[in-house]
Structure formats: structure tokens, C-alpha cells
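Take a first look at the chain below. The report then walks through its parts, one at a time.

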Amino acid sequence: MSSIWASYFTQNTLRVAPNTPTDTIDISNLNRQFLFRESDVGKPKAEVAAAFVEKRVKGVKITPYVGKIQDKDEDYYMQFKIIVCGLDSIEARRWINSTLAGMVDADDPESLKPLIDGGTEGFKGQSRVILPTLTSCIECQLDMHAPRAAVPLCTIATIPRQPQHCIEWAHQIAWQEKWKDEPFDSDNMEHISWIYGAALERSKQFSIPGVTFQMAQGVVKNIIPAIASTNAIIAASATSEAFKIATSCNPYLESYMMYAGEEGVYTYTFNAEQKPDCPVCGNLARKIEVDPETSLESFIESLGERAEAQLKKPSLRTEEKTLYQRFPPQLEEQTRCNLPLKLRELVSDGQEIAISDPAFAIDFRYKLVFK
Ligand SMILES: [Zn+2]
């Protein structure tokens, strides 16, 4: 076992500055993050966790690192045998996934780093084993991580169907009407109480049961509670898979385990499909349906929302020409004139384009199919 190195990440890529509250220990973490004590509040989680485990399990050496996973290069990741991730965003997962796939060199088996990814959301969780380029990857199943559809304002304003719609009504419409210039503060308990009361009234009008104070707080603060027992189950699964891969004592998970604990306990294991048109591990360009009359600008905007792309700052080019290049500023200026043009004026039906995005180290290949 001494030759096995594993790295465990908890950083969120969306965070701009290091040492933001999630990277350091907060008093509210102590109820569920059992490696930390009150005297650790304010210290970096990675360092305290490493010290705790080293003290508890003699002979183990852990090197903590506090920072963004994107700040490390391929050489850094090359030193590990297995990578175990407990990331809290899809962006971070896509980044490590594409970086590890980009590192694979067919002539060097050591360049292939198994990736074990665990994640939880309330009572639900999942763990998966990815052999970059050989098995299905995060990007193959990107559509499972589609951005949550926002409830249309008209539903909220006219015909609420769920208790959450009543809370959104109180939050987005009623608060403004009643309090005019007073900005809503989701940390102010009086404000939350008012929202709860207004939402409850509305839910009674429409005979929708289920509005609670906790739900009101959750909706307005956009909270998904972290549940210690779900985290423990997923952590146990991920570490078991790391152990199996490291020792070959048992076959490892192929390839996806989902856990649902909302009602009782349910787990399901399946082999997630590797997609031939996966932009990271496939050989074919991924099809993307477009209206040829759409402007390049609105197409670019839609790439952030589309489940099959989710690229926020894309630059696009065909084999022959650059359609739009975001950086550097000179190139942006040169290609800006394409933004108002219709797609049919720039590309042909079925044409392949390459999209780069500063959030990823690789290019994504898409095939534009006209509707
Ligand atoms: Zn893939």
C-alpha cells in the first residue's frame, strides 16, 4: 500500500478567493464534519483533516493542499495513482475529468489515473469510477447534470402548483409590493418569517399543503442541506472503490452507484454508457440542434444553458475560420462583427465546430445540425 497515493479534493472551483468559508472550518460544520473540533474553527479544513488522520492512523503520511484544483498542472496530477474527488460543483468535476482525459498517453499506462467521484445532495448521493478515455466519463453523462429549470414567473404569479411556488411568489413578488425599497435579506429572520407567513396565506388560497418555515428558508436561501449520514455512505463507497483499485482484491464498481435515502434506503448500480460523441472521451463531434436563423450571439448565449454544452464563456471556430474569439481583446474585436450574423451565413448544415472555454483545458467538438 505504501506506493499508493490518493488525493482528495474538496475545493469549489467557483470560488474566486482561497480561504473562503467552505475551505476553512466554520462552527456550523462541527455537527457533521467529525474530524474537526471547536479549537479548529477558522483553520483550513485540508490541514486539520490531514493532521487528525495522521495522528489517528500511525504510519500514514498526508500532504494537504489548500487552493483551487485548477491551479495545479498535469505534473502535479501525474504523481498520483488514484484520484478521489468530493467536489461540490459540476464545473469542478468537468475540469478534473477533462484534464485527466487529456493526460492519457496510450504508450504510458502510468498516465491513466482512475478517477473516483462522489457527490451528495441532501438524502441523495452517487459514486462512480472513471478510467479516463476507457470508460464513460463525467462529460458523457453531462445531461444528467442539466441546470435546474427555473419555474416560470407566470406560474409563480398566477397558478402555483407546489408549496415552493408560493414561497417564490412571496419572495419575488409580494415582498416588493409590500416593502418597496427595503431589500430582502435572506439572513434576517424577521424577513424570512414574513415570507413564510405570506407564502402560507397564498398556499391556503390555492389549497396547496406543505409550506413550512424550513422550506421557506431553504427556497429563499437556495439551501440543499448537507446530511452527515449521506456523506458517510458516499465517502465509504468512494474509499472502498479506491481500496479495490489499489489492491485488486475485488472487482471495482462498474461504473455508477446511485443512492437514494429520501424514503428508506435504495441503491442502484449500473454501467454508465460511454458516448461515442462525448467531447472529452469520444471520437465523434456531439450533435447540437440549432435554428439556422439564430444569430451567432444568441447561439453563444444558449451554450451556457443547453444541457449538452453548459459552456459559459465559449470561443468558436470552424476548421477554416474563427467565428468568435473571446480572448485576447484584439481578436475579440476582430470577430465581434460576426455576432449579429445568422448561423446560416457563417456555417453550413452539419458543419463541425470547435469550442474552447477558459474553464477547460481541452476543446469541445460539436456538429451543428439545422432544425
Ligand atoms: Zn466521456
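A donor is an N, O or S atom within 2.8 Å of the metal. The model itself is predicted.

In sequence, the donor residues of the zinc ion follow the spacing C-x2-C-x137-C-x2-C. Cysteine 137 and cysteine 281 tie distant parts of the chain together, 144 residues apart. Cysteine 137 sits in the loop between strand 4 (124-130) and helix 4 (153-157). Cysteine 281 sits in the loop between strand 6 (266-270) and strand 7 (286-290).

Which atoms hold the zinc ion? The SG atoms of Cys137, Cys140, Cys278 and Cys281 coordinate the zinc ion, at 2.2 to 2.3 Å. Why is the arrangement tetrahedral? The four donor atoms subtend angles of 97 to 122 degrees around the zinc ion, which makes it so.

Cysteine 137 counts as buried because its relative accessibility is 1%. Cysteine 281 is buried too, because its relative accessible area is 12%.

**Domains**

| Domain | Residues |
|---|---|
| Domain 1 | 6-146 + 225-270 |
| Domain 2 | 153-221 |
| Domain 3 | 286-370 |

The C-alpha centres of domain 1 and domain 2 are 36 Å apart.

Strand 2 covers residues 82-85. Ile82 and Val84 point one way from strand 2, while Ile83 and Cys85 point the other way. All of them are buried. Strand 2 runs parallel to strand 3 (residues 115-121), and three bridges join the two. Within this pairing, isoleucine 83 stands opposite leucine 115 of strand 3.

Strands of a sheet pair through backbone hydrogen bonds, either parallel or antiparallel. What is the order of the strands in the open sheet of five? The order is 7-11-10-8-9, and the pairing is mixed. Strand 7 and strand 9 (322-324) are the edge strands, each pairing on one side only. On average, neighbouring strands of this sheet are turned by 35 degrees against each other, direction ignored.

Strand 7 and strand 11 (residues 364-370) run parallel, joined by five bridges. Glutamate 289 has valine 369 in strand 11 as its bridge partner.

Helix 9 (residues 296-303) lies across strand 7, strand 8 (315-317), strand 9, strand 10 (352-356) and strand 11. Helix 9 runs at about 125 degrees to strand 8.

Conventions
Residues are numbered from 1 along each chain as its sequence is written. This is a predicted model: local features need pLDDT of at least 70, side-chain atom pairs count only at pLDDT 80 or more; totals for chains, interfaces and linings use all residues. Side-chain values use heavy atoms; hydrogens and water are left out. Donors are N, O and S atoms within 2.8 Å of the metal (3.2 Å for Na, K and Ca); water is not among the atoms, so sites may look incomplete. Four donors count as tetrahedral if all angles lie between 85 and 135 degrees; four count as square planar and six as octahedral if opposite donors are over 155 degrees apart and all others between 65 and 115; anything else is irregular. Helices (H or I, at least four residues) and strands (E, at least two) are DSSP runs, numbered from the N terminus. Buried means under 20% relative accessible area, exposed over 50%, partly exposed in between (1.4 Å probe, protein chains only). Two strands pair if DSSP finds at least two bridges between them. Axes are lines fitted to C-alpha atoms, for helices over the stretch in contact, and angles run from 0 to 180 degrees between N-to-C directions. Contact means heavy atoms within 4.5 Å. Domain bounds come from an automatic or database domain assignment.
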